[in-house]
Structures are given as structure tokens and as C-alpha cells.
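Here is a friendly walk through one protein model, from the overall fold down to single residues. Please keep the structure open beside the text as you read.

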Amino acid sequence: MKLNLTETLYALSYALDTVQYEMGGISNEHGKHVAYISYLIGKNLNYDNDKLNDLVGLAILHDNAFTEYVREEYNGGELYDYDELTDSEDALKLRTGFLQKPMHNIIGEKNIRLIPFKTDVKNVILYHHENADGTGPLRKKEFEINELSEIIHIADIYDVLFDLKTLNENDFIDSKEKIKSLKNTFFSEKMVDIFLKSVTYEDIKTLQAEGVIHFLKRNLCTYICDYSDKEIKNICAFFAKIIDYKSSVTKKHSIGVAEKCYEMAKYYNFSSDKAIRFYFAGAFHDIGKLIINNDILEKPGELTKEEFETIKNHAKATEMILSSIEGLEDITEWASRHHERLDGSGYNHQLKGEDLSFEDRLLACIDIYQALIEKRSYKGDFSHKESIDIMKEMADNNKIDKDIVNDIDKYFSKFNG
């Protein structure tokens with residue numbers, strides 16, 4: 001499957017930053033800001049295009065394990081809200097205190113190896129919170145930390161300490177002094193000197209005026225690559241984990257939908273390329289849920305009318321995010337229409353049967369089936385038969401495709417009968 005990986009990361013960065021902000025109070029657009037500062041440093045170091053692309057991608061994804069870590073370590077509990085802190089010293093202490101446990105970095109490193117980067121990025125995420133003096137979570141000192149880790153680390157801390165979207169010239173001067181004060185403790189002398197040469201106030205004004213993604217698209221050359229099915233599945237697994245770990249009740253939903261999409265694609269004799277694209281659509285169909293508040297996603301009781309309207313926005317968000325990636329037009333359609341219904345009662349476009357392709361109908365049915373066989377905050381996990389009975393009733397009421405329901409019953413009954 002052909003994919004522009006860097007452009008894909010740009011598109012998904014909005015959702016990633018939104019979920020970090022909600023679950024941990026980390027400044028909105030944090031990942032993009034870290035990518036921007038990292039790019040400036042990498043450019044100053046004369047990195048070639050492959051290395052720059054990988055650095056920017058790693059910077060966007062540097063906190064990729066955040067939702068997973070919060071779920072496992074804190075059970076979704078509240079973390080510190082850095083935006084409410086007025087003292088940069090307090091913000092720095094809380095940030096570094098939270099990250100002293102190495103699991104955040106270990107999980108992130110394991111996850112990032114699923115992404116097919118062009119250059120050697122081993123241990124970049126693992127060491128991106130290490131301090132030059134050896135006081136980081138894994139106690140590595142500056143001579144043991146690779147340069148890409150150092151770049152992401154200094155960019156990360158810089159964005160935590162200072163609001164780059166509002167930074168004025170006087171505050172920028174102060175920010176440089178703050179970075180200097182962290183020389184030989186948080187950062188090596190070499191990296192501080194490189195940072196000071198690489199990041200100017202003109203760069204900060206450009207960020208404020210232009211935005212990170214627009215700037216990167218204008219300055220960083222990206223390319224479309226042909227990835228193997230295994231590589232595409234790894235990319236999907238990486239993002240499906242981020243999507244599903246946002247809510248404690250959907251840990252395997254997206255990858256479950258993706259796998260069933262692939263199985264049914266083979267059942268219907270889709271071409272190999274179409275089958276993997278359908279898998280991709282299944283994995284990303286709920287990417288828009290990253291912008292929905294967990295109080296609504298995990299509500300055990302019935303949603304209010306207003307809450308349901310908010311939930312419905314996730315299909316629109318999925319369409320918005322995926323539509324910005326060139327070459328994914330078919331995937332965007334399939335993924336964003338998984339809540340449309342044949343009688344026009346679905347969302348987000350209230351399309352009717354004649355407007356819905358076979359693939360649209362198929363993904364909608366698979367999503368329903370997967371949700372029914374999973375446990376939720378408001379229900380238990382239904383058996384295959386119970387799920388199919390519910391879906392057949394929906395089909396009788398002209399909500400979903402009856403023939404597809406029968407085929408899902410026929411195919412999956414042998415595994416879940």
C-alpha cells in the first residue's frame with residue numbers, strides 16, 4: 001500500500017495532542033511544538049531529508065505511550081494540569097517527577113518500533129527523558145544518550161516551560177537564560193549550545209503566525225512509499241493502541257474491527273491492495289474519538305441528547321483527519337461512514353442506502369458486531385448468536401445490510417458459535 005507516512009503523522013498530530021491535553025494537562029499542540037523545535041535543530045545540524053523526516057516523526061510521537069501508561073499506571077486518574085501552573089520551576093518539577101518512572105519510555109520505545117522509519121531510530125524514544133547528569137529515569141549520562149534523544153528532550157522541556165504560542169521577545173530572552181541554567185544537568189553543554197544557535201525569536205514568530213504543520217509542509221520534503229502489508233498492519237497496530245487506550249472499555253476495539261475487515265475482505269475476494277486498505281480503514285475508523293471527552297465515552301448510563309450529539313462528532317472528526325492525507329480518499333469514506341444507516345437515520349451525513357457503497361455498509365456492520373461482542377461500561381460482552389440476533393433485527397428495520405449480516409453470521413459462527 002502506498003502511503004506518505006510523514007503526512008499521515010501530521011494529520012494525526014491534532015488528535016494525539018488533544019488526548020494528551022485532556023488526560024494529562026500537557027499543553028495543547030505539544031507534540032507539534034516539539035516537532036517544530038526538533039526540526040530547527042536538525043536543520044541546523046545539516047541532517048539529510050530522511051533523518052529530518054524521522055526526527056520530526058519521532059518528535060510528534062515522542063509521548064506515544066501516554067494513554068497506555070496513564071491507563072495502566074494511574075487507571076485513568078487525573079494527572080497534573082501544567083497549564084494551571086504559573087511557576088516554570090513547579091511545572092518542570094512536576095513534569096520530570098511524573099516521568100521518573102521508566103515505563104513511559106519503555107512502552108513508547110516498544111511501540112515506536114512498529115513504525116517503518118528510514119533511518120536507525122533505536123532507543124531514541126527510550127532515552128528521550130534522560131538527563132545529561134544521569135538523573136533521568138534510566139540513569140543514562142550524556143555520553144550514553146544519542147543525539148536525537150537529546151534533541152527531543154530539550155524541545156520537550158522547552159515547550160513545557162514556555163507557551164510558544166504567546167511567547168514575546170522579552171520572554172524569549174528569558175527562556176534562553178532558563179535553558180542555559182539547565183546546562184550539564186538536564187542537557188549537555190553541546191546540546192544547549194546547538195539549541196541556542198538553532199532557535200531564534202524569528203522562528204518563534206513564524207510558529208505563531210504560520211502554525212507548525214503548514215511550516216513543515218512548506219519546508220520538509222516528504223514522499224510516498226510503498227509499504228508491505230506487514231508494515232501497514234504495524235502502523236495500524238501502533239495507532240489503534242493509542243485510539244483504544246484512551247477509554248478503558250475499548251482497549252481492542254479498533255484492531256478487532258481491522259482484523260475482521262481483513263477477514264471479510266478476503267471472504268468477498270477483494271484484491272490484496274483493497275483488502276489492506278480496508279484493514280487500514282477499520283483500524284482508523286474511530287480516530288475521531290481521540291477528541292471526545294472520556295466522561296462521555298465512559299459514561300455507564302444513558303447519554304443525554306447533548307452528550308450523544310457530542311459523540312456523533314467523532315465520525316466527522318475521523319473524516320476531517322483522514323481526508324487531509326493524500327491518497328486515502330476511499331479509506332476516508334469507508335472509515336467515516338461507519339455510523340450511517342440505510343434509512344438515513346445515522347451520522348454524520350444522514351446518508352441513505354443508495355448513497356452507501358458495499359464497503360461502507362460492510363464496515364458499519366463489522367463495527368456493530370465488534371462492539372456487541374465486547375464488554376462495555378453499559379453492558380456485558382454478547383455471544384455471537386446474541387450479537388447476530390440484534391443485528392438481524394436492525395437489518396429488518398432497514399438500518400443495516402441484511403445480506404452482509406448473514407455473511408458475518410456464516411463466517412464468524414465457526415469461530416464464535
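A residue is called buried when its relative accessible area is under 20%, exposed when it is over 50%, and partly exposed in between, using a 1.4 Å probe and protein chains only. This is a predicted model, in which local features need pLDDT of at least 70 and side-chain atom pairs count only at pLDDT 80 or more, while totals for chains, interfaces and linings use all residues. Residues are numbered from 1 along each chain as its sequence is written, and side-chain values use heavy atoms, with hydrogens and water left out.

**Overall picture**

The protein has 20 helices and two strands. These are DSSP runs numbered from the N terminus: helices are H or I with at least four residues, strands are E with at least two. Of its 417 residues, 56% are buried. The accessible surface, computed by the Shrake-Rupley method with a 1.4 Å probe and, for residues, with only the protein chains shown as cover, is about 17,800 Å², and carbon and sulfur atoms make up 47% of that area. Contact here means heavy atoms within 4.5 Å. Among contacts with a separation of 6 or more, 71% are between residues 24 or more positions apart.

**The nonpolar cores**

A nonpolar core is a set of buried Ala, Val, Leu, Ile, Met, Phe, Trp, Tyr and Cys residues joined through side-chain atoms within 4.5 Å. The largest one holds 109 residues, and I37, L61, Y158, F239, M391 and I408 have the most contacts inside it. Take Y158: leaving out residues up to four places away in sequence, Y158 touches I37, L164, L167, F172, S175, I179, F195 and I204. There is also a second, separate core of six residues, including I292, I311, A315 and Y347.

**Aromatic pairs**

Rings of Phe, Tyr and Trp (its six-membered ring) pair if their centres lie within 6.5 Å; planes under 30 degrees apart count as stacked, over 60 as edge-to-face and the rest as tilted. The structure holds 18 such pairs.

| Pair | Centre to centre | Angle between planes | Arrangement |
|---|---|---|---|
| F238 and F239 | 4.9 Å | 80° | edge-to-face |
| Y369 and F412 | 5.6 Å | 25° | stacked |

**Around Y279**

Y279 is part of helix α14 (residues 272–284) and counts as buried, at 5% relative accessibility. Beyond its neighbours within four places in sequence, Y279 is in contact with K233, C236, I255, A258, E259, C261 and Y262. A charge sits over a ring if NZ of Lys or CZ of Arg is within 6 Å of the ring centre and within 35 degrees of the ring normal. K274 does likewise over the ring of F270, at 4.5 Å from its centre.

C261 is 18 residues from Y279 along the chain, and their C-alpha atoms are separated by 5.5 Å. C261 is buried, with a relative accessible area of 0%. How many disulfides does the whole structure hold? The search finds zero, a disulfide being a pair of cysteine sulfur atoms within 2.5 Å.

**Backbone details in the loops**

Y347 and N348 are joined by a cis peptide bond with omega of about 20°, and N348 lies in the loop between α17 (329–336) and α18. N184, in the loop between α8 (169–181) and α9 (189–198), has a positive phi near 70° without being a glycine. N269, in the loop between α13 (253–267) and α14, is not a glycine either and has a positive phi of about 60°. Are these two asparagines exposed or partly exposed? N184 is partly exposed, with a relative accessible area of 41%, whereas N269 counts as exposed at 68%.
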